[in-house]
Amino acid sequence: LPDSLLVNCPCELAIQTHRNEVVLFTQFGKFTHESGRDGGIERVNWPFEQVGGRVSLRVNEIDIRALSKTADETFVTVSISVQYQVDPDKVAEAFFKLDQPKRQIAAFVEEAVRSHVPSMPIDETFRSKDSIAGAVQARIEDKVNNYGYLVVKVLVTDVVPDQKVRRAMNTVNESKRRREAIRSEAEAKKFTEIKAAQARSESSYLSGVGLARYEGGRGLAGGTMKKLAVERSVSGAGNARRFSTGLRSP
């Protein structure tokens, strides 16, 4: 180095830091200390101290698609969203231990899916997204934390079966809907026939009641006419006897 540079070294440099960000400082390549979390100005003695790196403490998200076989020998693709962040107590480990955290976390997730999903039938995988997410998170939390990261949340966003299975499931669902439609149509037809039969029965009943009333009315009228005829006959005979008696009298 030039003599002038050696004379002026070391010199103090001001390093700006940001909120939710940690600056790591090294001395001759070895980690020495880290900055605060609230942002501000950090001073280093250059060239003996240098900035080794900057680490964000914000929550990150990674989307993963894991292929697995179910208990009934069907392949499904499980879409998973993982929210993670650097552990504030293990910032140096997160920076120096793991070079590509997304790739490592994705590998952990795929391994967890392939360990859990094969114990479930395909129908259960659709109904148990929360169960799969919980099992994956429980399985990867400790492994990820060994590298200085925290798993905030694991979400299963979709479960997609193999294309052949999807076609078969669509065929089954279509057949099921067709059977339900036929059953509904038959029940509607049966209901219509029952109502028609009930209407015919009610009509026949009312017709019978009307006829009975009509016949009863005719019988009552006939009896009255007969009674009047008898009364007229008796009255006429009495008048004739009185008339003939009057003729024989002196």
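**Sheets, helices and a pocket**

Reply: Strands β2 and β3 form a hairpin with two residues between them, and Phe-28 in the turn has a positive phi of about 55 degrees. This is a predicted model, where local features need pLDDT of at least 70 and side-chain atom pairs count only at pLDDT 80 or more, while totals for chains, interfaces and linings use all residues. Residues are numbered from 1 along each chain as its sequence is written, and side-chain values use heavy atoms, with hydrogens and water left out.

Me: How do you know that β2 and β3 are paired?

Reply: Strands are DSSP runs of E with at least two residues, helices are runs of H or I with at least four, and both are numbered from the N terminus. Two strands pair if DSSP finds at least two bridges between them. Four bridges join β2 to β3, so the pair qualifies, and the strands run antiparallel. One example is Thr-26, whose bridge partner in β3 is Phe-31.

Me: What makes β3 and β5 edge strands?

Reply: The order of this open, antiparallel sheet is β3-β2-β5. β3 (30-34) and β5 each have a single partner strand, so one side of each is left without a neighbour in the sheet. Between β2 (residues 21-27) and β5 there are seven bridges; Glu-21 is bridged to Ser-56 in β5.

Me: Why are α3 and α5 called oblique to each other?

Reply: Axes are lines fitted to C-alpha atoms, for helices over the stretch in contact, and angles run from 0 to 180 degrees between N-to-C directions. Under 35 degrees counts as roughly parallel, over 145 as roughly antiparallel, 65 to 115 as roughly perpendicular, and the rest as oblique. The axes of α3 and α5 (residues 129-145) cross at roughly 135 degrees and come within 9 Å. The two helices are therefore oblique.

Me: What makes a pocket a pocket, and which residues line the largest pocket?

Reply: On a 1 Å grid over the protein atoms alone, a cavity is a set of points where a 1.4 Å probe fits but cannot get out, whereas a pocket is an open set with protein on both sides within 12 Å along at least five of seven lines. Lining residues have an atom within 4 Å of a point. For the largest pocket they include Arg-54, Tyr-84, Phe-95 and Lys-102. β5 gives the most to this lining, with three residues.
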